[in-house]
Amino acid sequence: MQLENLLVFSATVLPLICTPGPDIMFVASQGLSAGKKAALRANAGIISGYCLHGILGALGVTAIVATSPILFEAMRWVGVVYLIYLAVQMFRSAMRPGKIILSSSPAKTLLTKGFLTSFLNPKGLLVYFAILPNFIIADDNYTLQSIILSVTFISTCALIYGLIGVIIANMGQKGSFSDRRRRWVEGIAAGLLCLAAGHLAKN
């Protein structure tokens, strides 16, 4: 694969990656409410969802979902409902006074939530269906090119989402929270998830 082609692809997907959406909102909400480790675990879950998107794209499943209005819409609305569910859970926690806990979710749970958040966002599939194929050179090895482009996209997501999560976590300073501040922060984090659900619903 030509370096120039790879750089153009990176420049094309970078604005999409940086645009606030369900994935960024989820990582940010976890960093704000539970600290750096939670943000990084949530990010790892998000990336695992993208990895599965890449595998499905290579198998051709992406094209089937993206070209089927019923499957695409069903997947999108399941994602919306899931994000609203997470927001409600966080709102309920914010309404309850109690002892501050740095991370209320086990690592496995955060990984699973992150995975579902990205996997149920059909826009991720469209990267592999509508954008990535345009950067495949016909005369070269298709599989190898697809892998290189997927790795580029996923690693960029991991870096940017991870940085955002750590920055938000540092801003939150969870360790110094009073119970009242903890409840405010969890309420704001829940609001971020609601915004993520709204963003997914309107697209």
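Predicted model: local features only at pLDDT ≥ 70, side-chain atom pairs only at ≥ 80, totals over all residues.
1. Residues are numbered from 1 along each chain as its sequence is written, and side-chain values use heavy atoms, with hydrogens and water left out.

2. The protein chain holds nine helices and zero strands, where helices (H or I, at least four residues) and strands (E, at least two) are DSSP runs numbered from the N terminus. Along the sequence the pattern therefore reads α-α-α-α-α-α-α-α-α.

3. Of the 203 residues in the protein chain, 44% are buried, that is, under 20% relative accessible area with a 1.4 Å probe, protein chains only. Among contacts (heavy atoms within 4.5 Å) between residues at least 6 apart in sequence, 84% join residues at least 24 apart.

4. Helix α5 covers residues 69-95, and its 27 residues should span 39 Å at 1.5 Å a residue, which agrees with the 39 Å between its end C-alpha atoms; the expected span is 1.5 Å times one less than the number of residues. The buried residues of α5 include Phe72, Met75, Arg76, Tyr82 and Met90.

5. Helix α6, residues 107-119, reaches 18 Å from its first C-alpha to its last, close to the 18 Å expected for its 13 residues at 1.5 Å a residue. Leu110, Gly114, Thr117 and Ser118 are buried in α6. They lie on the same side of α6, because they cover an arc of only 90° around the axis, taken from the directions from the helix axis to the C-beta atoms.

Note on methods
Buried < 20%, exposed > 50% of the residue type's maximum accessible area, 1.4 Å probe, protein only.
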